[in-house]
Amino acid sequence: MKEIKAIIRPVRLDDVREALMRTPGFPGMTVTHVEGCSAPGRHQPQNLKEELLDFSPKVRIEMVAADEHADTLYEALKQAATTGHIGDGLVWMSEVTRCDYLWQPGD
């Protein structure tokens, strides 16, 4: 199994959700509203106030998918989230060594 995570612009969340819902093997996702700042050198604050408040709203998406669907889900998420501008975010995929549902059908 693979874990797919992304940090994206909040305005892209609806497009990402729609794209993933159309993708075979979509397992559902967890969405968290977060804040982040740019890496040094990508954005230079103009004053101390801007430096201290250099956080912008982002959305973190997390899902665990079967190996056979992971690459397709990753690409669908990446394509739907990308605007082509600095600040689009980040997407990554990691190996999951163990994953269990905490509920069982019929419980």
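This is a predicted model: local features need pLDDT of at least 70, side-chain atom pairs count only at pLDDT 80 or more; totals for chains, interfaces and linings use all residues.
Local features were kept at pLDDT of at least 70 and side-chain atom pairs only at pLDDT 80 or more, while totals for chains, interfaces and linings use all residues. Numbering starts from 1 along each chain as its sequence is written, and side-chain values use heavy atoms, with hydrogens and water left out.

Start with the sheet. Helices (H or I, at least four residues) and strands (E, at least two) are DSSP runs, numbered from the N terminus. Four strands make up an open sheet in the order S2-S3-S1-S4, and the pairing is antiparallel; two strands pair if DSSP finds at least two bridges between them. Strand S2 (30–36) and strand S4 (89–95) sit at the edges, each pairing on one side only. On average, neighbouring strands are turned by 20° against each other, direction ignored.

Strand S1 (residues 2–8) is joined to S4 by 7 bridges, the two running antiparallel. Along this pairing, Ala6 stands opposite Val91 in S4, and Lys5 stands opposite Trp92. Towards S3 there are 7 bridges as well, again antiparallel, with Arg60 in S3 as the bridge partner of Ile7. S1 is largely enclosed by the rest of the structure, because 5 of its 7 residues are buried (under 20% relative accessible area; exposed is over 50%, partly exposed in between, with a 1.4 Å probe and protein chains only).

Now for the helices. Helix H1 (residues 13–21) and helix H3 (residues 67–81) pack at an angle of about 150°, their axes 8 Å apart. Axes here are lines fitted to C-alpha atoms, for helices over the stretch in contact, and angles run from 0 to 180 degrees between N-to-C directions. That angle makes H1 roughly antiparallel to H3 (over 145 degrees; under 35 is roughly parallel, 65 to 115 roughly perpendicular and the rest oblique).

On the residue level, Asp15, Val16, Ala19 and Leu20 of H1 meet Leu73, Ala76, Leu77, Ala80 and Ala81 of H3, contact meaning heavy atoms within 4.5 Å. By class, this contact has 8 nonpolar residues, no polar ones and 1 charged. Nonpolar covers Ala, Val, Leu, Ile, Met, Phe, Trp, Tyr, Cys and Pro; charged covers Asp, Glu, Lys and Arg; the others, Gly among them, are polar.
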